[in-house]
Amino acid sequence: MIVADVNLVTYLLVPGPHTAAARSVQFRDSDWIAPGVWLYEFVNVMASHVRTKQFDTDHAMKLIADAKSRIQSIDTQAS
């Protein structure tokens, strides 16, 4: 099990200089979890990519759906 942060998820799904390393991590262990806030952070990253016209809204929405299917959110709030 890999405890991922939004950077690792972004590196995996948005091609760039760290994508190969993220894919290597996923190859070793595809069971990823992340604190519940990761999704809000990822949506913010996608919004930034749309604002800067790196890709369109439809592509961002597909990446969000892909990310949600890959990452299990965990609740980090203490009771």
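Trainee: Which strands does helix α4 lie across, and at what angle does α4 run to β3?
Mentor: Bear in mind that this is a predicted model. Helix α4, residues 57–70, lies across β2 and β3. It runs at about 70° to β3.

Trainee: What is the strand order in the sheet?
Mentor: The order is β1-β2-β3. It is an open sheet of three strands, with parallel pairing.

Trainee: And which are the edge strands?
Mentor: β1 and β3, the latter being residues 71–74. Each of them pairs on one side only.

Trainee: What holds paired strands together in general?
Mentor: Strands of a sheet pair through backbone hydrogen bonds, either parallel or antiparallel.

Trainee: How many bridges are there between β2 and β3?
Mentor: Four, in the parallel sense. W32 has I71 of β3 as its bridge partner. P35 stands opposite I74, also in β3.

Trainee: How many bridges for β1 and β2?
Mentor: Two bridges, and the pairing is parallel. V3 faces I33 of β2 there.

Trainee: Switching to helices. How many residues of α1 are buried?
Mentor: Six of its eight, so α1 is mostly covered. The buried ones are V6, L8, V9, T10, L12 and L13.

Trainee: What do those pack against?
Mentor: The buried residues of α1 pack against β1, β2 and β3, and against helices α2, α3 and α4.

Trainee: Now α2. Which of its residues are buried?
Mentor: T19, A22 and V25, in a helix that spans residues 19–28. They cover an arc of only 120° around the axis, so they sit on the same side of α2.

Trainee: What do they pack against?
Mentor: The buried residues of α2 pack against β1 (2–3), α1 (6–13) and β2 (32–35).

Trainee: And what does the face turned away from the buried side carry?
Mentor: Exposed residues: A20, R23, F27 and R28.

Trainee: Take R28 from that list. Why does R28 count as exposed?
Mentor: Its relative accessible area is 64%. The cut-off for exposed is over 50%, so R28 qualifies.

Trainee: How far is R28 from G16?
Mentor: They are 20 Å apart in space, C-alpha to C-alpha. In sequence the separation is 12 residues.

Trainee: Back to the helix pair. At what angle do α1 and α2 pack?
Mentor: About 105°, with their axes 7 Å apart. That makes α1 roughly perpendicular to α2.

Trainee: Which residues make that contact?
Mentor: From α1, L8, Y11 and L12. From α2, T19, A22, R23, V25 and Q26. The contact residues divide into five nonpolar, two polar and one charged.

Trainee: New topic: H49. Where does H49 lie?
Mentor: In helix α3, which covers residues 38–51.

Trainee: Buried or exposed, this H49?
Mentor: Buried, at 13% relative accessibility. The limit is under 20%, so H49 falls on the buried side.

Trainee: What does H49 touch?
Mentor: Leaving out residues up to four places away in sequence, H49 touches V14, Q54 and F55.

Trainee: Then where is F55?
Mentor: In the loop between α3 and α4. F55 counts as buried because its relative accessibility is 16%.

Trainee: Which residues does F55 touch?
Mentor: V14, M46, H49, V50, A60 and L63, again not counting residues up to four places away in sequence.

Trainee: How far from F55 is H18?
Mentor: 18 Å in space, C-alpha to C-alpha, and 37 residues in sequence.

Trainee: Last one. K53: what about its phi?
Mentor: K53 has a positive phi, about 60°, although it is not a glycine. K53 is in the loop between α3 and α4.

Trainee: Is K53 buried or exposed there?
Mentor: Exposed, at 72% relative accessibility. F55, in the loop between α3 and α4 as well, counts as buried.

Trainee: Great, that covers my list.

Conventions
Residues are numbered from 1 along each chain as its sequence is written. This is a predicted model: local features need pLDDT of at least 70, side-chain atom pairs count only at pLDDT 80 or more; totals for chains, interfaces and linings use all residues. Side-chain values use heavy atoms; hydrogens and water are left out. Buried means under 20% relative accessible area, exposed over 50%, partly exposed in between (1.4 Å probe, protein chains only). The arc is that of the directions from the helix axis to the C-beta atoms. Contact means heavy atoms within 4.5 Å. Two strands pair if DSSP finds at least two bridges between them. Axes are lines fitted to C-alpha atoms, for helices over the stretch in contact, and angles run from 0 to 180 degrees between N-to-C directions. Angles under 35 degrees count as roughly parallel, over 145 as roughly antiparallel, 65 to 115 as roughly perpendicular and the rest as oblique. Ala, Val, Leu, Ile, Met, Phe, Trp, Tyr, Cys and Pro count as nonpolar, Asp, Glu, Lys and Arg as charged, and the others, Gly among them, as polar.
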